[in-house]
Amino acid sequence: MTSAFFIQLRRELGAIFNSPMAYVIFLCYTLIIGYIFYTNIQEMEIAPRFSAFQIFFSSWFWICMFVVVPLITMRTYSDEYKTGTIELLLTAPVGDWDVVMSKFFATFVFYITLWAPTATYMFVFQWVSGGQLSLKVPELMLCYLLVCILGSFFVSFGMFTSSLTKNQALSAFLTFCGMLTLFFIGLMSLRMPDSKFTPFIEYISCIQHMSNFIFGIFDSRPLVFYLSGTALFLALTQRVMAVKKLKS
């Protein structure tokens with residue numbers, strides 16, 4: 001990592017965490033997640049064989065993911081195009097990869113900041129309920145490991161769509177559609193259990209990956225898939241920036 005990267009990273013972190021919108025997103029997200037967790041606790045009375053985090057990560061988790069990622073990635077490049085600061089980035093003595101990676105890490109840090117409080121919910125409920133929650137820490141850690149690597153994949157994809165257009169709404173829509181497509185491909189494995197495409201679908205199915213991790217089944221293939229996908233979309237974003245630099 002070069003010094004230019006850390007300077008740019010500091011700029012990106014400041015742009016995110018000094019923005020009022022970031023705190024609005026964080027507040028709304030925390031309130032919604034808190035309410036969702038409360039409803040999950042009530043569902044435990046209906047399905048006591050499942051723990052609170054198993055119910056959470058198999059249902060409402062996906063809705064939160066599909067809303068949050070487009071919101072936090074749509075401005076990464078689209079806002080630069082809209083305000084005209086992209087010209088400064090393209091002409092500044094900063095490498096394309098320094099810009100791409102600094103934006104990625106800054107956005108990913110904010111993504112982790114949003115999810116971090118949810119990890120405490122399980123332990124708080126364990127304490128309040130006097131240990132009634134069947135909390136299995138290894139399974140919980142696996143779930144949050146997948147939250148991180150899945151988030152890195154979706155964030156990199158959101159950055160790529162943002163680099164393609166100056167319209168933030170369009171960038172968010174494209175990101176949402178891409179995430180939803182991957183989600184519905186996973187649902188196909190449930191509809192076609194005996195299809196010849198089932199092994200491939202299960203390999204890229206984020207639903208199947210989360211289902212395995214929820215029940216403590218560690219599989220390294222999702223790590224390879226999502227990290228490779230992250231690297232791919234970051235590379236594509238860098239190529240978009242390189243082309244724009246040649247045209248400027």
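This short talk walks through a few helices, contacts and charged pairs in the structure shown above.

Before we start, please keep in mind that this is a predicted model, in which local features need pLDDT of at least 70 and side-chain atom pairs count only at pLDDT 80 or more, while totals for chains, interfaces and linings use all residues. Residues are numbered from 1 along each chain as its sequence is written, and side-chain values use heavy atoms, with hydrogens and water left out.

Let me begin with the charged side chains. A search of the whole structure finds six salt bridges, where a salt bridge is a side-chain nitrogen of Lys or Arg within 4 Å of a carboxyl oxygen of Asp or Glu. As a general point, side chains of opposite charge can pair when their charged atoms come close. One of these bridges joins Glu12 and Arg11, at 2.8 Å from N to O. Arg11 also forms a salt bridge with Glu80, with the closest N and O atoms 3.4 Å apart. This pair links distant parts of the chain, since Glu80 sits in helix H5 (residues 78-83) and Arg11 in helix H1 (residues 3-17), 69 residues apart; helices here are DSSP runs of H or I with at least four residues, numbered from the N terminus. Glu12, in turn, meets Lys103 in a salt bridge of 3.2 Å, N to O. Here too distant parts of the chain are linked, with Glu12 in helix H1 and Lys103 in helix H7, 91 residues apart. Through shared partners, the salt bridges join Arg11, Glu12, Glu80 and Lys103 into one network.

Lys103 is buried at 1% relative accessibility, Glu80 is buried at 6%, and Glu12 is buried at 8%, whereas Arg11 is partly exposed at 37%.

Now let us stay with helix H7, which covers residues 96-128 and holds Ser102. Ser102 is buried, with a relative accessible area of 0%. Leaving aside residues up to four places away in sequence, Ser102 touches Phe5, Gln8, Leu9, Glu12 and Trp97, contact meaning heavy atoms within 4.5 Å. The Ser102 side chain also reaches the backbone oxygen of Val99 at 2.9 Å.

Thr113 lies in helix H7 as well, but Thr113 is partly exposed, at 29% relative accessible area. Its side chain reaches the backbone oxygen of Val109 at 2.7 Å. With residues up to four places away in sequence not counted, Thr113 touches Phe17 and Phe26. The C-alpha atoms of Thr113 and Phe26 are separated by 8.4 Å, although the two residues are 87 apart along the chain.

What about helix H8, residues 137-164? This helix has 28 residues and reaches 41 Å from its first C-alpha to its last, close to the 40 Å expected at 1.5 Å a residue, where the expected span is 1.5 Å times one less than the number of residues. Of the 28 residues of H8, 22 are buried, so the helix is largely enclosed by the rest of the structure.

Finally, we can turn to helix H4, residues 60-73, where Leu71 lies. Leu71 is partly exposed, with a relative accessible area of 37%.

How values were computed. Helix = DSSP H or I, 4+ residues; strand = E, 2+ residues; numbered from the N terminus. Buried < 20%, exposed > 50% of the residue type's maximum accessible area, 1.4 Å probe, protein only. Polar contact = N/O pair within 3.5 Å; in protein donor to acceptor, adjacent residues only side chain to side chain.
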